[in-house]
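Please keep the structure open while reading.

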Amino acid sequence: MSSLQATPKETFLADYKVPNYLIDTVHLTFDIDASSTRVRSVLAMRKNPLSEEENTDCVLDGEHLELVSIKVDSRPLQGNEYQRTDKSLLLSSLPDEFELEIETLIQPDQNTALEGLYHSGSLLCTQCEAEGFRRITYYMDRPDVMAIFTVSIVGDKQLWPIMLSNGNMQAQGQFDDGRHWTRWHDPHPKPSYLFALVAGDLYRQQDSFTTMSGREVSLQIYVDHENSHKCGHALMSLKQAMLWDEQTYGREYDLDVFMIVAVNDFNMGAMENKGLNIFNSSCVLASPETATDADYHRIQGIVGHEYFHNWSGNRVTCRDWFQLSLKEGFTVLRDQQFSGDMNSAAVQRIDDVNQLRTMQFAEDAGPMAHPVRPASFIEISNFYTVTIYEKGAQVVGMIKTIVGAEGFRKGTDLYFERHDGQAVTTDDFVQAMEDANTVDLSQFKHWYSQAGTPVLTIETQYNALLKTYTLIVNQHCPATPGQNKKLPLYIPLAVGLLNRNGQAIPLQLEGENSAIEKNTRVLDITEQQHTFIFVNVDEEPIPSLLRGFSAPVKITMDRSDADLAFLMANDSDSFNRWDAGQKWLINVLLSLINDFQQQRHLALPEGLIEQFSYVLTDENTDPALIAKMLTIPSENYLAAQMAIADVDAIHASRQFLKKSLAAGLKQQFSDIYQRYSAKGKYQFNALDMAKRSLKNVCLSYLMTAEDPMQTQRCLKQMKQSDNMTDTLTGLALLSDQTGPESEHALRAFYEQWQHDRLVVDKWLTVQAQSTLPGTLIRIKGLMKHPAFSIKNPNNVRALIGQFCRNNPINFHAKDGSGYQFLAEQILVLNKLNPQVASRMLGAFNSWRQYDTERQAMMKQVLTDIASQPDLSSDVYEVVTKYLAEP
C-alpha cells in the first residue's frame, strides 16, 4: 500500500458497546430512477437505556450519498448543526426521543460494487448485508439495531411495473402522470442488513403453502420473462424446505407472502432478506437442458438455506458481525441436513466434508486463518468464509453429536423461544443448549475462539491375553496467526471396531458392565491425552475412526494400505468407506510423486486395480457412493498434503494413476457406462443422479486413453443428450483433448446457448479448467469476448476464478504468467467491485507452500498489489495478511 494512503481501521470484538440510540420504526420512501433515486427516511429514535456512554452524540453510517436535507422533529438542521464525513453523519444535542427525517440522493447505475441499491440489467435491486444499507441512507447500520420497517416505492409504471420490498403489501395505487406506488410493511423488527427492494419488469410464478397451523402463504418467484420456464424447481424446493423445517425444527413461516427474485449481477449466492429473498440467478433458474444435476442440487440447498434463515438469522439475528457464524454456521448445518434428507445422506456428508477439507483446512493453515468467531476485522466482507460457514456448521453439528438429536431439538426450541426478536451471540446459542440438556459446554466454546485444524494422533495396542484393545489419543492444534498457544478442545470422536470378517465388534469400555447396543460410540476427547481400553475383544480389530466425520479434525495414525483397503470394502459407515479409499489413493499418489521426482519408473501397487474393480462392480452399493469412491483426490488437496507442493509432479502422477486405472478396468468402465446410458426423461432424484454420476465418472476414465472411439462416444453424448449434466460432461472432457473435435464441440455449444447467460458461464468455466497448454492465452482472448464482462461477478468467477483456483497446472505455470494475470485482474476489480477483488486473492492463500521460485514470483505480485495507491480496504486486509511474516 502507498505510504501516503491511510491504513484502514481495524474493528475488535473486545470493543463492542451497545448503541447509544435505538430505532423503533422506519418509514422509507423511494422515488426510483436508475440514474438518480431519491430516498426519504423517517426514523423514530430514542436513547438506549442500556447504554452507559456519557457521550450522547448519535453517529449514523453513510457512504456515497448526496445529502439533501435533515430534520429533527420536523425542524430543518443547518450545516453547523451536524458533522459529516465520507463515511458518517454526527448529530449532537438530541432529545431523549425524537423523529429524524433525512433525504438523500443515490445513483444506482454508477454502483459497480453491487452494495446498497444498484442497477442490474433492467432491474433495480439491493444487497445490504453486511454494510450496504449505508449506501442507501444515513442509518445506524449495525445488526443489533432492530426496527419495524414500512417502505413506500414510487416509480414509472412502464419501467418498473413490479416494485417489491420486505413484508406484506399494505396498499398500492397509481398517479395521473404514469407513475405508480406500492407500500410494504414488515411487522417483525429487523436490522438494516435485511432490508430489500426490487423494481423492474419481471415474470411472476406463484404457488401456495399451507402451514402447520393452517395459514395459507403465497409463494412467488420473480425472474426475467425469458426465464419463465425455469422457476419450477426452485418453487418445489421452497415448499420442501418449508415442510421440512416444520417437521424437523418446528419452525413455521410468519408472513403472508414469501418472495424470491433472480438477479444476474450479484456478489453472493443469495440473500435472506425478510420475506423478499434476492438470489443470484444461478441459484434459482433450472431446466433439464440448461442446468446440471449439481445445479439442481445446489438450488435446492440454497433455497432451503435462505428460507431457514427466516428463524436462524432473521427472527433471531446476530448482535454484531463477529457473531456471523451464529446465523450462518447453524443455517448451513440445517441446509446440509435438509439436502441429505431430500437426496442421499451419505453422499451429502462426503460432499460437505470434501469441501471443508479442501478449502477450509487450507484456510486454517494459511495467513487468513481465523476463529469461527473472529476477534477482529478490517472488512467484514472478507469473513464470509468457509471457516464461518462450513466449519461453523461442523461446530454446531458437534453440539448435536454431544447432546443427541433429541437434546439438540430441545436446545433449538429453547434458543428460538428465549431470543425471538433479539440480536444475540454464539454464547447465547451455546447457553440454550446447556440449559436444555444440563450439560457443561464451557470447554467446547474454545471452538469458537481458536483458529486452526486440530490433529488427533492415535496409537493402538492389542493384548491377546487380556482381550483388550487400547486407543491412545493425543490432541494438538498448530499455531495460527495471533494464536501461538492453543487450549485443549472438547472433541467428539465417533469410533467403531471391525473383526477380520468385517463384522462389528461389541463396544465395551473398561469399567462398564456390558457393551453398548450401538456399533458406533462417541469418545469425549477433552484433555491433551486420553487412553480408552475396550474389553472382551476376541481378536485384534480394525478400527473405524472419526465415523461420519464427527469432528473437523485431522487423524494421524500408522495404517497399512491393506487396512485401508479392508475398510473401503467392509466398513458399515459410508463416509469412512469413502475416506479409507481416499487415504489409500493419497498414499499411492504421494509415492508416485516421490518416484516422479526421483525419475524412477511409475507403477501402481499390487491389489489397487483389483480393489477398485470390486468397488466398481458392487451391486449392493449406491452408485453415487461408488462414483465418489472412484473420484481421485484433487490436485489442490494433494498439494496440501505435501511440505512443498510440486505442481508438475502432482499433475503427472495423478494423470498416471487415472490412466492406469482406466487401462486396467476398461471393460468394466465401458460396461457400466452402457448400462446407465438408458434413455428416459430427465428427473432430479437421488437414483437418477447417482446413475448419471457413475456413468460420467466412467466416461472420464475412458477418455484418458485418447482413443478415437472414446472421443466419438463423448461427442455423441454431448450432442444427443437431453440434459445439461451429460452435455456438459462431454464438453468438459473434450476440452481437455487436443484435436478438431474439441474446437468443434466448443463452437457448437456456444452457438446453441449464446443467449443463455448461465449456460455461457459454464462454457467459460470449461475452458478455464482445461489443463492443456495455452489455456491462459485462450482465457485472455475470452475476456474480450462479447459474452464476458468483468463487471459481472458470475463471469469473473466462471473464467478468472475457475482458472486460478481449479487449474493448478496452468495457474502455477513456471514462468509466473498465471500470477501476473491474476494480479492485473485484481487491480481492475479493486476499483469496480472490491468484494470480488478480495475473493480472487484467495488463489494466493497457500503461496508459501510452493517451491522457492514460485514463492518468489507470488510474493512479488502480492507486493505489487499492496503498493498500489487507493487500494480498497477489502483487498488491503487480505494482501497485507498474506505478506505478513508467519
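## The largest cavity

Helix 9 contributes the most to the lining of the largest cavity, supplying four residues, where helices (H or I, at least four residues) and strands (E, at least two) are DSSP runs numbered from the N terminus. Strand 30 (542–545), helix 8 (561–570) and helix 9 (574–597) each provide at least two residues of that lining, and among the lining residues are Ser-544, Ile-555, Arg-559, Leu-567 and Lys-583. By class, the lining holds five nonpolar, two polar and four charged residues; here Ala, Val, Leu, Ile, Met, Phe, Trp, Tyr, Cys and Pro count as nonpolar, Asp, Glu, Lys and Arg as charged, and the others, Gly among them, as polar.

The largest cavity contains about 100 Å³ of space, and a search of the whole structure finds three cavities of 30 Å³ or more. On a 1 Å grid over the protein atoms alone, a cavity is a set of points where a 1.4 Å probe fits but cannot get out, and lining residues have an atom within 4 Å of a point.

## How the model is read

This is a predicted model, in which local features need pLDDT of at least 70 and side-chain atom pairs count only at pLDDT 80 or more, while totals for chains, interfaces and linings use all residues. Residues are numbered from 1 along each chain as its sequence is written, and side-chain values use heavy atoms, with hydrogens and water left out.

Helix 3 (residues 324–342) packs against helix 5 (residues 386–419) at an angle of about 80°, with their axes 8 Å apart, which makes helix 3 roughly perpendicular to helix 5. This contact has twelve nonpolar, eight polar and three charged residues.

## A buried leucine in a loop

Leu-285 lies in the loop between strand 21 (276–280) and helix 2 (293–308), and with 6% relative accessibility Leu-285 counts as buried (under 20% relative accessible area). Apart from neighbours within four places in sequence, Leu-285 is in contact with residues including Val-223, Ile-299 and Leu-758.

Methods
1 Å grid on protein atoms, 1.4 Å probe; cavity = no way out; pocket = protein on both sides within 12 Å on 5 of 7 lines; lining within 4 Å. Points joined across faces, edges and corners; volume = space filled by probe spheres on them. Buried < 20%, exposed > 50% of the residue type's maximum accessible area, 1.4 Å probe, protein only. Contact = heavy atoms within 4.5 Å. Axes fitted to C-alpha atoms, helices over the stretch in contact; angles between N-to-C directions. Parallel < 35°, antiparallel > 145°, perpendicular 65-115°, else oblique.
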